[in-house]
Amino acid sequence: MKTDPDRDLADCSSGEGACAPAGDCSESSCAPRPAQCTEPDCGDDPPAGCCAIEAQGVEVYYGKKKVLTDVSFGMAPGRITAIIGPSGCGKSTFLSTLNRMSDLTIGCKVSGDIRLEGKSILGSGIDLIELRRRVGMIFQKPNPFPLSIRKNIQLPLKEMGIRNRDELEATTEKVIRDVGLWDEVSDRLNSSALALSGGQQQRLCIARAMALDPDVLLFDEPCSALDPISCSVVEELIASLRRQYTVVIVTHNMSQARRIADSVAVFWVQEGSGRIIEHGDLERVFEDPKHAIVKDYVQGGCG
Amino acid sequence: MYPSRIDQWVVWGLRFLGVASCALVGLILLFLVADSIPALRTLGDRLIHDDSWHPSEHATDGTFGMLPIVIGSLTVTLGSILIAAPLGLASAIFCHFYAPPMLAGFYRRMVELLAGIPSVVFGFWGLAVLAPMISTLLRPPGHSMLAGILVVALMILPTIALISETALAAVPRSHIAGAAALGMGRWSIIRSIVLPSARAGIFTAMILGIARAVGETMAVVMVCGNIVRVPGSVFDSVRTLTANIALEMGYSVGMHRSALFVSGLLLLFTAIALTTIIGIVEHRSKDREGGAHV
Amino acid sequence: MDTLALPASSKREERIARAMIWCVALLVTGTFAWIVGDVFVHGISGLSLSFITEAPERGGRAGGILPIIVSTLSILAVSLVVAIPLGLATAVLLAEFTRRDNWFSTLVARSLDVLAAVPSIVFGLFGNAFFCVWLGMGYSILAGGLTLACMVLPILIRSLEAALRAVPDEYRFAAAALGMSKTRTVLSILLPCAAPGLVVGLILGIGRVLAETAALLFTSGYVDRMPESVMDSGRSLSIHIFDLAMNVPGGEPNAYSSAVVLILMLLIINFTAVWGTDRWVRKISGQSAT
């Protein structure tokens, strides 16, 4: 499924306002959305529209070991959903099922249902390339390619079928500006991305993902490999993505979740397998958790 | 399994080429068997029972007793591994535990270079230097099993040393540090901790050394004297299977050629057997490690 | 480099062990120096420009080795032209397109192990039966090159595969998350990243081809004339040394000189490989440090 080169990034580049909450809603795929979104699971206070991503009874096995049990919750469009919980509770595993990166792990089996704007993404007939373009992912450790800054952004675009030089350059500049890197790197777009600092590399990775004009961005502890200053820059950047993208972020930093998230899902290990024990609006979960464990966890951890 | 349509095409193309490269084993086996069949069918156990090796084009004219040649191969292999195994292992231990870092690096590089020297150069050195020396210092003719054993030992030593060292390096440092903390000396740590843990890797090194020794041709042709008989002592001339092929293949026809292919087949089966042994050993040691983790 | 500073004990057994191990090291070093020294001492005097620009005369006793170098390089070229695409494709297949635990890659890996252990003289027999006789190539550079291509294939595949596997997984994840096809990832990112390692693997393969003798005895043949095409028989440098040493009385001086040429070629190749590996390792570790 090749992307029509004419469908460039104009919708979004013409300013934030022009970009509808859940990405490009001019497409017909958005039309049936309200009808399918009657499920009550979209957080306590879903905004207009409904869940961009909807997990239903997701279970994940690594070989024979069950690492996630019955995860069901929705991630609202244009909002930032934080997934928190102690390490080893399957947060990152769950995140990687959302764009099927879990397929790359040998022996990893996912069951249940995950719907992206109403369409299931777990079937075998899914175009994974298209899915991963719509659902971008940023990793714990910045992973720019060992190529120039420019090529890092343009290589995936070219792979998408965009050949027009002007268009490539325009997109490159736009996304690098969007992540606030333009002033720092505009004079050395042709030098190696590996020469950038860790925080710059991570922002480049975000820019690279944004260049594909995704609807959803997944962040897997994007700050944990960075120093505190770079961390706060990246964090502000993520906060600024609200409304433009549906953001799902895995973090073990409670205060970070509190600073940037709109809603929260708390994962916990119970009976040897990760489960979701509470989810909902940020304030509600942090101020008035239903679950005793969550209460201890968020209050102990927020410092 | 693969996300894109191009990938589907590419993976099938790659599989085709991959199959082609391993089908090579089958192809080699096929051609060796095909050319061996006449000898196996007509000569049968004459290949073992004939009392000499005077092959000719027709089965009726010649004698085809390969036994002395097989024994020649076995003795040269055995002798060379007996010499090369301790020396190679000691080299690896030297490199990893005794030599100062600079010297260890230098020594390792030297062993690597030694591994890269063509067998024809070893053979030439054996022919021009070693054999005459054996002849004058010990006993003529010099072109003997001893010369062959020494040259082949030198050639397989780097293989054994390099692979053993990899095995030594894989021994967890915590084992060694733990033993050192108990006040054990260097040699007793090596003997009682390192060598037992690196056992499987060292064994693999020895088997690969044997495989190389069995298959070595040029050096053996040049220094062993190539007389077909069961050697009475290490100073006698001897002919190995590989040398026999190298010497006679050029002019052999008919049954003679086929008999040479039988010996090639024998070498191929030896290689397969040795590889299988290595596979089994690696498999078992992996299982044991896996068991330890659970 | 990673030698452990273990306690040196003064116990008798410890001292004996230390002494013996040092003795072995000295013995090996001495023998190595002896062989290389002997070849160089005898061979270097015969080296001159004319030695590598003239044709051999009187069966190689006099004259140079130009046609032999040409044949050697032609055999090398033929074998690389065949082995590189096959080897690279198989390495990419093994490292990027199959999972290590699946039956297909186990089968491929097993057959490569067997192939690597097959003695070179057996490759010679096979090459003679298949290329020379069955395909009717006769004793020719083509047959010799193809035989050697079969022989280096396992080494080539193994080292190319290792080079690809050494590329950090992060690049693969990044590319997958950006919706890039596996093919594009391999072509644009993994192969360029692995390039220095691939070159090292290639150089090792070249070294093997240049050093080989037995597999060429009855595939590319003995003819020491300048080859006119790949269908001509051509004598490789290693066979030249063998022939001069074994079959040509008085051929020793030139055999020594040819051995020097061969060793020098291999040394240059080896040092390039080592130097390339060092640089590559430094580059890769530098990458992950940033």
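Reader: How many salt bridges does the rule find across the interface of chain C and chain B?

Author: This is a predicted model, in which local features need pLDDT of at least 70, side-chain atom pairs count only at pLDDT 80 or more, and totals for chains, interfaces and linings use all residues. Side-chain values use heavy atoms, without hydrogens and water. A salt bridge requires a side-chain nitrogen of Lys or Arg within 4 Å of a carboxyl oxygen of Asp or Glu. Across the interface of chain C and chain B, the number found by this rule is one.

Reader: With which residue does C:Glu13 form a salt bridge?

Author: The closest N and O atoms of the pair are 2.5 Å apart. The partner of C:Glu13 is B:Arg191.

Reader: What area is buried between chain C and chain B?

Author: In terms of contact (heavy atoms within 4.5 Å), 81 residues of chain C meet 88 residues of chain B. Buried area is the accessible area (1.4 Å probe) that two parts lose on being put together, summed over both. Carbon and sulfur atoms give 79% of this area between chain C and chain B, and the total is about 7,600 Å².

Note on methods: Residues are numbered from 1 along each chain as its sequence is written. Chains are lettered from A and ligands numbered from 1 in the order in which they are written.
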